[in-house]
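User: I would like to learn how to read salt bridges and nonpolar cores in a model. Can you take me through them?

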Amino acid sequence: GFCAFITGGGLLHTAVADLLSAAMNRYTGIFMGSPGLVQLECNVISWMAQVVGYDTQKAFGCFASGGSMANFIGILVARRHYLSEHELSQSVIMVTSETHSCIPKGVMMAGIPQSALCTVACDSEWRMDAQSLDSNITMQQQAGRKPFLVVATSGTTNSGTVDNIRKLSEVCQRHNVWLHVDGVYGAAFNLTKRGRAVLDGLEEADSVAIDLHKSFFLPHGTGMVLVKERQRLQRAFTLGSTAPYYPDFDSCDVNFYEMSPELTRSFRGMRVWLPLKLCGLEKWREALDHRLDWTQYFVDELRHMSALGVEVTTEPSLTLLTFRYVPPNVHSDGHADVPSTTLSQQLRHINVLLLKFINRRGHLFLSPTTLPDGKFVIRICILHLRLSMPRLQAGLQDIRDGVEEIAKESLQSPTRAEEPPAKRMRLDSRGTDLSPPLSPQPVKVQPPIDVV
(Lines give C-alpha, C1' and ligand atoms only; values in the text may rest on other atoms or scores of the structure.)
Protein backbone atom coordinates (compact mmCIF):
# COMPACT_ATOMS: atom_id res chain seq x y z
CA GLY A 1 0.00 0.00 0.00
CA PHE A 2 2.99 2.36 -0.25
CA CYS A 3 1.73 5.04 -2.64
CA ALA A 4 3.52 8.08 -1.19
CA PHE A 5 6.37 8.09 -3.70
CA ILE A 6 7.21 6.62 -7.09
CA THR A 7 9.28 3.72 -5.89
CA GLY A 8 10.30 0.30 -7.15
CA GLY A 9 9.14 -3.17 -6.33
CA GLY A 10 11.52 -6.09 -6.64
CA LEU A 11 11.55 -9.22 -8.79
CA LEU A 12 13.16 -12.53 -7.90
CA HIS A 13 14.45 -12.78 -11.48
CA THR A 14 16.57 -9.66 -10.98
CA ALA A 15 18.04 -11.04 -7.76
CA VAL A 16 19.17 -14.12 -9.68
CA ALA A 17 20.53 -11.87 -12.45
CA ASP A 18 22.50 -9.78 -9.96
CA LEU A 19 23.90 -12.94 -8.40
CA LEU A 20 25.12 -14.13 -11.79
CA SER A 21 26.58 -10.72 -12.63
CA ALA A 22 28.40 -10.48 -9.32
CA ALA A 23 29.72 -14.03 -9.61
CA MET A 24 31.09 -13.40 -13.11
CA ASN A 25 32.33 -9.91 -12.19
CA ARG A 26 33.22 -9.14 -15.81
CA TYR A 27 34.31 -5.71 -16.94
CA THR A 28 31.98 -4.26 -19.59
CA GLY A 29 33.49 -0.81 -20.08
CA ILE A 30 35.21 -1.96 -23.29
CA PHE A 31 33.99 -4.49 -25.82
CA MET A 32 37.11 -6.64 -25.75
CA GLY A 33 36.74 -7.11 -21.96
CA SER A 34 33.55 -9.13 -22.33
CA PRO A 35 32.08 -9.15 -25.86
CA GLY A 36 29.08 -11.33 -25.01
CA LEU A 37 27.94 -9.30 -22.02
CA VAL A 38 28.50 -5.99 -23.82
CA GLN A 39 26.33 -7.27 -26.66
CA LEU A 40 23.68 -8.37 -24.15
CA GLU A 41 23.60 -4.85 -22.72
CA CYS A 42 23.38 -3.40 -26.22
CA ASN A 43 20.34 -5.60 -26.87
CA VAL A 44 18.64 -4.28 -23.72
CA ILE A 45 19.33 -0.68 -24.76
CA SER A 46 17.86 -1.45 -28.17
CA TRP A 47 14.70 -2.88 -26.54
CA MET A 48 14.27 0.28 -24.46
CA ALA A 49 14.82 2.44 -27.55
CA GLN A 50 11.94 0.57 -29.19
CA VAL A 51 9.74 1.29 -26.16
CA VAL A 52 10.43 5.02 -26.57
CA GLY A 53 9.80 4.79 -30.32
CA TYR A 54 13.32 5.48 -31.57
CA ASP A 55 14.89 4.04 -34.71
CA THR A 56 17.13 1.36 -33.20
CA GLN A 57 19.57 1.66 -36.12
CA LYS A 58 20.35 5.27 -35.13
CA ALA A 59 19.58 5.57 -31.42
CA PHE A 60 21.68 4.37 -28.53
CA GLY A 61 22.06 4.92 -24.81
CA CYS A 62 23.74 3.85 -21.63
CA PHE A 63 22.84 2.65 -18.16
CA ALA A 64 23.11 4.95 -15.17
CA SER A 65 22.67 4.61 -11.43
CA GLY A 66 19.21 6.18 -11.56
CA GLY A 67 17.01 8.87 -13.03
CA SER A 68 19.06 11.78 -11.71
CA MET A 69 22.25 10.54 -13.40
CA ALA A 70 20.33 9.69 -16.58
CA ASN A 71 19.02 13.27 -16.72
CA PHE A 72 22.51 14.61 -16.00
CA ILE A 73 23.93 12.66 -18.95
CA GLY A 74 21.15 14.01 -21.19
CA ILE A 75 22.00 17.59 -20.15
CA LEU A 76 25.70 16.97 -20.72
CA VAL A 77 25.16 15.52 -24.21
CA ALA A 78 23.05 18.56 -25.15
CA ARG A 79 25.70 20.90 -23.81
CA ARG A 80 28.51 19.18 -25.71
CA HIS A 81 26.45 19.19 -28.91
CA TYR A 82 25.35 22.83 -28.88
CA LEU A 83 27.71 24.87 -26.72
CA SER A 84 31.33 25.85 -26.98
CA GLU A 85 33.24 26.71 -23.81
CA HIS A 86 32.90 30.47 -24.26
CA GLU A 87 29.10 30.21 -24.72
CA LEU A 88 28.35 28.80 -21.25
CA SER A 89 27.67 32.22 -19.74
CA GLN A 90 25.12 32.99 -22.48
CA SER A 91 23.37 29.62 -22.35
CA VAL A 92 19.69 29.21 -21.48
CA ILE A 93 17.80 26.08 -20.37
CA MET A 94 14.00 26.09 -20.39
CA VAL A 95 12.21 24.40 -17.47
CA THR A 96 8.95 24.85 -15.51
CA SER A 97 8.00 25.14 -11.85
CA GLU A 98 7.16 21.40 -11.97
CA THR A 99 10.59 20.30 -13.26
CA HIS A 100 12.29 17.81 -10.93
CA SER A 101 14.99 19.09 -8.60
CA CYS A 102 17.61 16.80 -10.17
CA ILE A 103 17.61 19.02 -13.28
CA PRO A 104 19.12 22.13 -11.58
CA LYS A 105 21.60 19.80 -9.89
CA GLY A 106 22.51 18.24 -13.24
CA VAL A 107 22.93 21.72 -14.74
CA MET A 108 25.33 22.59 -11.93
CA MET A 109 27.35 19.38 -12.39
CA ALA A 110 27.53 20.05 -16.14
CA GLY A 111 29.36 23.30 -15.40
CA ILE A 112 26.46 25.49 -16.51
CA PRO A 113 25.60 28.48 -14.28
CA GLN A 114 22.26 28.35 -12.45
CA SER A 115 21.40 31.68 -14.07
CA ALA A 116 20.93 29.71 -17.30
CA LEU A 117 17.68 28.23 -15.95
CA CYS A 118 14.60 29.99 -17.35
CA THR A 119 11.19 29.08 -15.94
CA VAL A 120 8.49 28.86 -18.62
CA ALA A 121 4.85 29.42 -17.73
CA CYS A 122 2.53 26.43 -17.38
CA ASP A 123 -1.01 26.02 -18.67
CA SER A 124 -4.02 25.27 -16.46
CA GLU A 125 -2.93 21.62 -16.15
CA TRP A 126 0.62 22.53 -15.03
CA ARG A 127 2.14 21.55 -18.41
CA MET A 128 4.83 23.62 -20.08
CA ASP A 129 2.99 26.08 -22.31
CA ALA A 130 4.26 25.72 -25.89
CA GLN A 131 3.34 29.27 -26.89
CA SER A 132 5.12 30.69 -23.86
CA LEU A 133 8.15 28.53 -24.66
CA ASP A 134 8.21 29.83 -28.23
CA SER A 135 8.10 33.48 -27.13
CA ASN A 136 10.67 32.90 -24.37
CA ILE A 137 13.17 31.34 -26.79
CA THR A 138 12.68 34.20 -29.26
CA MET A 139 13.10 36.81 -26.53
CA GLN A 140 16.30 35.16 -25.22
CA GLN A 141 17.76 34.95 -28.71
CA GLN A 142 17.01 38.61 -29.38
CA ALA A 143 18.77 39.47 -26.11
CA GLY A 144 21.94 37.80 -27.42
CA ARG A 145 21.68 34.67 -25.30
CA LYS A 146 21.71 31.07 -26.53
CA PRO A 147 18.76 28.83 -25.58
CA PHE A 148 20.02 25.32 -26.31
CA LEU A 149 17.97 22.96 -24.14
CA VAL A 150 14.31 22.43 -23.21
CA VAL A 151 13.57 19.92 -20.43
CA ALA A 152 10.08 18.45 -20.71
CA THR A 153 8.60 15.99 -18.22
CA SER A 154 6.53 12.89 -18.89
CA GLY A 155 5.01 12.53 -15.45
CA THR A 156 6.00 15.12 -12.88
CA THR A 157 6.56 13.76 -9.39
CA ASN A 158 4.51 16.52 -7.77
CA SER A 159 1.25 16.41 -9.71
CA GLY A 160 1.74 13.67 -12.32
CA THR A 161 1.51 16.11 -15.22
CA VAL A 162 2.75 15.06 -18.67
CA ASP A 163 3.96 17.87 -20.91
CA ASN A 164 2.64 18.08 -24.46
CA ILE A 165 5.77 16.66 -26.03
CA ARG A 166 4.51 16.90 -29.60
CA LYS A 167 3.95 20.66 -29.38
CA LEU A 168 7.20 21.25 -27.51
CA SER A 169 9.17 19.25 -30.10
CA GLU A 170 7.75 21.43 -32.89
CA VAL A 171 8.93 24.56 -31.09
CA CYS A 172 12.38 23.05 -30.46
CA GLN A 173 12.81 21.98 -34.07
CA ARG A 174 11.80 25.43 -35.28
CA HIS A 175 14.45 27.08 -33.08
CA ASN A 176 17.10 24.33 -33.38
CA VAL A 177 17.01 23.58 -29.64
CA TRP A 178 17.65 20.23 -27.95
CA LEU A 179 14.56 18.61 -26.38
CA HIS A 180 15.29 16.35 -23.42
CA VAL A 181 12.41 14.46 -21.78
CA ASP A 182 12.59 13.52 -18.13
CA GLY A 183 10.69 10.26 -18.57
CA VAL A 184 12.03 8.73 -15.37
CA TYR A 185 8.50 7.95 -14.13
CA GLY A 186 6.30 8.06 -17.21
CA ALA A 187 8.24 6.95 -20.31
CA ALA A 188 7.63 3.24 -19.64
CA PHE A 189 3.89 3.81 -20.14
CA ASN A 190 4.67 4.17 -23.86
CA LEU A 191 4.30 0.37 -23.80
CA THR A 192 0.53 0.79 -23.43
CA LYS A 193 -2.01 2.16 -25.90
CA ARG A 194 -3.32 4.76 -23.43
CA GLY A 195 0.21 5.72 -22.44
CA ARG A 196 1.23 6.29 -26.07
CA ALA A 197 -1.69 8.68 -26.51
CA VAL A 198 -0.59 10.71 -23.46
CA LEU A 199 3.10 10.60 -24.43
CA ASP A 200 2.48 11.48 -28.08
CA GLY A 201 5.67 12.82 -29.65
CA LEU A 202 8.08 11.08 -27.27
CA GLU A 203 9.98 9.67 -30.24
CA GLU A 204 10.71 13.25 -31.42
CA ALA A 205 12.78 14.06 -28.32
CA ASP A 206 16.55 14.25 -28.76
CA SER A 207 17.08 12.34 -25.52
CA VAL A 208 14.93 10.57 -22.93
CA ALA A 209 15.80 9.59 -19.35
CA ILE A 210 14.08 6.50 -18.01
CA ASP A 211 14.36 4.85 -14.59
CA LEU A 212 13.59 1.15 -14.73
CA HIS A 213 13.26 0.86 -10.94
CA LYS A 214 10.01 2.83 -11.18
CA SER A 215 7.54 1.81 -13.87
CA PHE A 216 9.49 -1.34 -14.80
CA PHE A 217 9.54 -2.55 -11.17
CA LEU A 218 13.26 -3.41 -11.31
CA PRO A 219 15.89 -2.87 -8.57
CA HIS A 220 17.11 0.56 -7.58
CA GLY A 221 20.18 1.59 -9.52
CA THR A 222 18.75 0.80 -12.97
CA GLY A 223 18.53 4.13 -14.77
CA MET A 224 19.06 4.69 -18.48
CA VAL A 225 19.40 7.57 -20.92
CA LEU A 226 18.52 7.12 -24.58
CA VAL A 227 19.77 9.47 -27.31
CA LYS A 228 18.12 9.69 -30.71
CA GLU A 229 21.44 10.02 -32.56
CA ARG A 230 24.16 7.65 -31.35
CA GLN A 231 27.00 9.83 -32.62
CA ARG A 232 25.92 12.70 -30.37
CA LEU A 233 26.15 10.49 -27.29
CA GLN A 234 29.58 9.20 -28.28
CA ARG A 235 30.96 12.65 -29.10
CA ALA A 236 29.94 13.92 -25.68
CA PHE A 237 32.26 11.48 -23.90
CA THR A 238 35.05 10.85 -26.38
CA LEU A 239 38.29 12.76 -25.91
CA GLY A 240 40.82 13.46 -28.61
CA SER A 241 43.10 10.69 -27.41
CA THR A 242 42.86 7.62 -25.19
CA ALA A 243 45.27 6.01 -22.78
CA PRO A 244 48.33 4.58 -24.59
CA TYR A 245 47.73 1.13 -23.12
CA TYR A 246 44.32 0.89 -24.82
CA PRO A 247 44.55 -0.87 -28.18
CA ASP A 248 43.04 0.53 -31.37
CA PHE A 249 39.47 -0.71 -31.17
CA ASP A 250 37.43 -1.84 -34.12
CA SER A 251 35.07 1.00 -35.10
CA CYS A 252 32.16 -1.48 -34.92
CA ASP A 253 32.84 -2.29 -31.26
CA VAL A 254 30.76 -0.69 -28.53
CA ASN A 255 32.93 0.70 -25.76
CA PHE A 256 30.72 2.03 -22.99
CA TYR A 257 33.50 4.13 -21.51
CA GLU A 258 33.02 6.29 -24.63
CA MET A 259 29.25 6.49 -24.05
CA SER A 260 29.00 7.71 -20.45
CA PRO A 261 31.02 9.36 -17.65
CA GLU A 262 31.92 5.93 -16.23
CA LEU A 263 35.06 3.98 -16.93
CA THR A 264 34.71 1.46 -14.13
CA ARG A 265 31.08 0.38 -14.22
CA SER A 266 28.91 -2.41 -12.92
CA PHE A 267 27.22 -4.76 -15.34
CA ARG A 268 23.55 -3.73 -15.14
CA GLY A 269 22.28 -5.34 -18.32
CA MET A 270 21.59 -8.79 -16.87
CA ARG A 271 19.04 -7.52 -14.32
CA VAL A 272 16.91 -6.21 -17.20
CA TRP A 273 17.66 -8.86 -19.81
CA LEU A 274 16.85 -11.94 -17.68
CA PRO A 275 13.31 -10.97 -16.49
CA LEU A 276 12.39 -9.71 -19.95
CA LYS A 277 13.61 -12.93 -21.60
CA LEU A 278 11.89 -15.15 -19.03
CA CYS A 279 8.57 -13.31 -18.86
CA GLY A 280 8.23 -11.28 -22.04
CA LEU A 281 7.50 -7.59 -22.38
CA GLU A 282 3.75 -8.27 -22.47
CA LYS A 283 3.76 -8.86 -18.69
CA TRP A 284 4.97 -5.32 -18.10
CA ARG A 285 2.38 -3.95 -20.52
CA GLU A 286 -0.37 -5.77 -18.62
CA ALA A 287 0.92 -4.55 -15.25
CA LEU A 288 0.97 -0.92 -16.39
CA ASP A 289 -2.49 -1.25 -17.94
CA HIS A 290 -3.80 -2.62 -14.63
CA ARG A 291 -2.46 0.41 -12.81
CA LEU A 292 -4.03 2.78 -15.32
CA ASP A 293 -7.34 0.97 -14.73
CA TRP A 294 -6.96 1.18 -10.96
CA THR A 295 -6.14 4.89 -11.16
CA GLN A 296 -9.30 5.60 -13.13
CA TYR A 297 -11.32 3.56 -10.65
CA PHE A 298 -9.79 5.49 -7.74
CA VAL A 299 -10.59 8.86 -9.34
CA ASP A 300 -14.17 7.81 -10.07
CA GLU A 301 -14.65 6.73 -6.46
CA LEU A 302 -13.24 10.04 -5.21
CA ARG A 303 -15.72 11.89 -7.41
CA HIS A 304 -18.53 9.88 -5.82
CA MET A 305 -17.44 11.49 -2.54
CA SER A 306 -17.89 15.04 -3.87
CA ALA A 307 -21.06 15.46 -1.81
CA LEU A 308 -18.90 14.87 1.27
CA GLY A 309 -16.48 17.57 0.15
CA VAL A 310 -13.75 15.47 -1.47
CA GLU A 311 -12.24 17.30 -4.43
CA VAL A 312 -9.94 15.88 -7.14
CA THR A 313 -7.35 18.64 -7.52
CA THR A 314 -5.29 17.19 -10.40
CA GLU A 315 -6.58 14.76 -13.00
CA PRO A 316 -4.24 11.81 -13.55
CA SER A 317 -2.30 11.84 -16.81
CA LEU A 318 -0.93 8.40 -15.87
CA THR A 319 -1.18 6.98 -12.34
CA LEU A 320 -0.45 9.95 -10.07
CA LEU A 321 -3.15 12.30 -8.80
CA THR A 322 -3.93 14.65 -5.94
CA PHE A 323 -7.08 15.36 -3.94
CA ARG A 324 -8.21 17.22 -0.85
CA TYR A 325 -11.13 17.56 1.51
CA VAL A 326 -13.09 20.82 1.51
CA PRO A 327 -15.90 20.61 4.08
CA PRO A 328 -19.26 21.78 2.68
CA ASN A 329 -19.30 24.69 5.15
CA VAL A 330 -15.86 25.87 3.97
CA HIS A 331 -15.57 27.31 0.45
CA SER A 332 -12.16 27.25 -1.23
CA ASP A 333 -12.93 30.46 -3.12
CA GLY A 334 -13.10 32.39 0.16
CA HIS A 335 -15.64 34.57 1.92
CA ALA A 336 -15.91 38.32 2.04
CA ASP A 337 -15.38 38.28 5.79
CA VAL A 338 -12.72 35.55 5.98
CA PRO A 339 -9.13 36.30 4.83
CA SER A 340 -7.89 33.89 2.14
CA THR A 341 -4.78 33.09 4.20
CA THR A 342 -6.93 32.04 7.14
CA LEU A 343 -9.05 29.88 4.86
CA SER A 344 -5.95 28.29 3.32
CA GLN A 345 -4.53 27.49 6.74
CA GLN A 346 -7.83 25.98 7.82
CA LEU A 347 -7.98 23.75 4.74
CA ARG A 348 -4.37 22.74 5.25
CA HIS A 349 -5.06 21.76 8.84
CA ILE A 350 -8.12 19.72 7.83
CA ASN A 351 -6.24 17.85 5.12
CA VAL A 352 -3.29 17.14 7.42
CA LEU A 353 -5.79 15.50 9.78
CA LEU A 354 -7.24 13.45 6.92
CA LEU A 355 -3.79 12.39 5.69
CA LYS A 356 -2.78 11.23 9.16
CA PHE A 357 -6.06 9.34 9.53
CA ILE A 358 -5.50 7.48 6.23
CA ASN A 359 -1.87 6.62 6.96
CA ARG A 360 -2.65 5.39 10.47
CA ARG A 361 -5.23 2.96 9.13
CA GLY A 362 -2.36 1.25 7.32
CA HIS A 363 -4.03 0.17 4.08
CA LEU A 364 -2.42 2.98 2.05
CA PHE A 365 0.47 5.30 2.80
CA LEU A 366 0.07 8.67 1.05
CA SER A 367 2.05 11.92 1.08
CA PRO A 368 1.26 15.65 1.20
CA THR A 369 2.27 18.20 -1.40
CA THR A 370 1.57 21.78 -2.41
CA LEU A 371 0.44 22.54 -5.97
CA PRO A 372 1.78 25.55 -7.88
CA ASP A 373 -1.46 27.44 -7.10
CA GLY A 374 -0.76 27.07 -3.37
CA LYS A 375 -3.27 24.35 -2.58
CA PHE A 376 -2.18 21.90 0.09
CA VAL A 377 -3.30 18.48 -1.16
CA ILE A 378 -2.93 14.74 -0.62
CA ARG A 379 -0.95 12.86 -3.24
CA ILE A 380 -1.17 9.23 -4.35
CA CYS A 381 0.82 7.31 -6.96
CA ILE A 382 -0.85 4.03 -7.92
CA LEU A 383 2.18 2.16 -9.23
CA HIS A 384 3.82 -0.15 -6.69
CA LEU A 385 4.36 -3.70 -7.93
CA ARG A 386 2.58 -5.33 -4.98
CA LEU A 387 -0.35 -2.95 -4.78
CA SER A 388 -3.74 -4.65 -5.11
CA MET A 389 -7.35 -3.64 -5.74
CA PRO A 390 -8.50 -4.78 -2.24
CA ARG A 391 -5.97 -2.41 -0.69
CA LEU A 392 -7.16 0.48 -2.86
CA GLN A 393 -10.77 -0.25 -1.90
CA ALA A 394 -9.82 -0.34 1.77
CA GLY A 395 -7.97 2.95 1.34
CA LEU A 396 -11.02 4.56 -0.25
CA GLN A 397 -13.09 3.47 2.72
CA ASP A 398 -10.46 5.01 4.99
CA ILE A 399 -10.89 8.31 3.14
CA ARG A 400 -14.67 8.17 3.66
CA ASP A 401 -14.24 7.30 7.33
CA GLY A 402 -11.68 10.07 7.82
CA VAL A 403 -13.89 12.69 6.19
CA GLU A 404 -16.84 11.66 8.35
CA GLU A 405 -14.69 11.67 11.49
CA ILE A 406 -13.34 15.16 10.78
CA ALA A 407 -16.84 16.44 9.95
CA LYS A 408 -18.12 15.05 13.25
CA GLU A 409 -15.27 16.73 15.17
CA SER A 410 -15.85 20.06 13.41
CA LEU A 411 -19.53 19.99 14.39
CA GLN A 412 -18.53 19.55 18.00
CA SER A 413 -15.91 22.32 17.70
CA PRO A 414 -16.94 24.52 14.74
CA THR A 415 -13.90 26.78 14.84
CA ARG A 416 -11.40 24.04 14.13
CA ALA A 417 -11.44 20.27 13.82
CA GLU A 418 -9.07 18.79 16.37
CA GLU A 419 -7.65 15.35 16.97
CA PRO A 420 -8.28 13.61 20.27
CA PRO A 421 -5.31 14.36 22.59
CA ALA A 422 -3.97 10.81 22.36
CA LYS A 423 -3.61 11.15 18.59
CA ARG A 424 -1.85 14.50 18.30
CA MET A 425 1.27 14.63 16.13
CA ARG A 426 3.99 17.19 15.49
CA LEU A 427 4.29 18.34 11.87
CA ASP A 428 6.89 20.22 9.90
CA SER A 429 6.07 22.98 7.40
CA ARG A 430 5.12 20.47 4.70
CA GLY A 431 2.84 18.43 6.92
CA THR A 432 5.31 15.61 7.54
CA ASP A 433 4.80 13.75 10.81
CA LEU A 434 7.67 14.34 13.24
CA SER A 435 6.13 12.65 16.27
CA PRO A 436 7.39 9.32 17.67
CA PRO A 437 6.01 6.28 15.82
CA LEU A 438 2.86 4.69 17.15
CA SER A 439 2.14 1.01 17.44
CA PRO A 440 0.59 0.11 14.09
CA GLN A 441 -2.94 -1.25 13.97
CA PRO A 442 -3.18 -4.80 12.68
CA VAL A 443 -3.82 -4.86 8.95
CA LYS A 444 -5.18 -7.78 7.00
CA VAL A 445 -2.76 -7.89 4.09
CA GLN A 446 -4.24 -9.00 0.78
CA PRO A 447 -2.21 -11.34 -1.45
CA PRO A 448 -0.29 -9.30 -4.03
CA ILE A 449 -1.14 -9.39 -7.71
CA ASP A 450 2.12 -10.56 -9.25
CA VAL A 451 3.43 -8.99 -12.41
CA VAL A 452 4.95 -12.29 -13.49
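This is a predicted model: local features need pLDDT of at least 70, side-chain atom pairs count only at pLDDT 80 or more; totals for chains, interfaces and linings use all residues.

User: What counts as a salt bridge, and how many salt bridges does a search of the whole structure find?

Analyst: The criterion is a side-chain nitrogen of Lys or Arg within 4 Å of a carboxyl oxygen of Asp or Glu. The search finds 25 salt bridges. Take Lys146 and Glu87: their side chains meet at 3.3 Å, N to O. Lys146 lies in strand β4 (146-153) and Glu87 in the loop between α3 (67-82) and β2 (91-95), so this pair ties together parts 59 residues apart in sequence. Helices here are DSSP runs of H or I, at least four residues; strands are runs of E, at least two; both are numbered from the N terminus.

User: Which parts do Glu301 and Arg400 tie together?

Analyst: Glu301 forms a salt bridge with Arg400, with the closest N and O atoms 3.0 Å apart. Glu301 belongs to helix α10 (281-303) and Arg400 to helix α12 (389-412), so the pair links parts 99 residues apart in sequence.

User: Is Glu301 buried or exposed?

Analyst: Buried means under 20% relative accessible area, exposed over 50%, partly exposed in between (1.4 Å probe, protein chains only). Glu301 is buried, at 15%. Arg400 is partly exposed, at 22%.

User: Which residues do salt bridges with shared partners join into one network?

Analyst: Arg166, Asp200, Glu203, Glu204 and Lys228. Within it, the side chains of Glu204 and Lys228 meet at 3.7 Å, N to O. Glu204 is partly exposed, with a relative accessible area of 26%. Lys228 is partly exposed too, at 28%.

User: Now the cores. How many residues does the largest nonpolar core have?

Analyst: A nonpolar core is a set of buried Ala, Val, Leu, Ile, Met, Phe, Trp, Tyr and Cys residues joined through side-chain atoms within 4.5 Å. The largest has 99 residues; Ile73, Val150 and Phe216 are among those with the most contacts inside it. Helix α2 (35-52) gives the most to this core, with ten residues.

User: What does Phe216 touch?

Analyst: Contact means heavy atoms within 4.5 Å. Not counting residues up to four places away in sequence, Phe216 touches Met48, Ala188, Leu191, Leu276, Leu281 and Trp284.

Notes
Residues are numbered from 1 along each chain as its sequence is written. Side-chain values use heavy atoms; hydrogens and water are left out.
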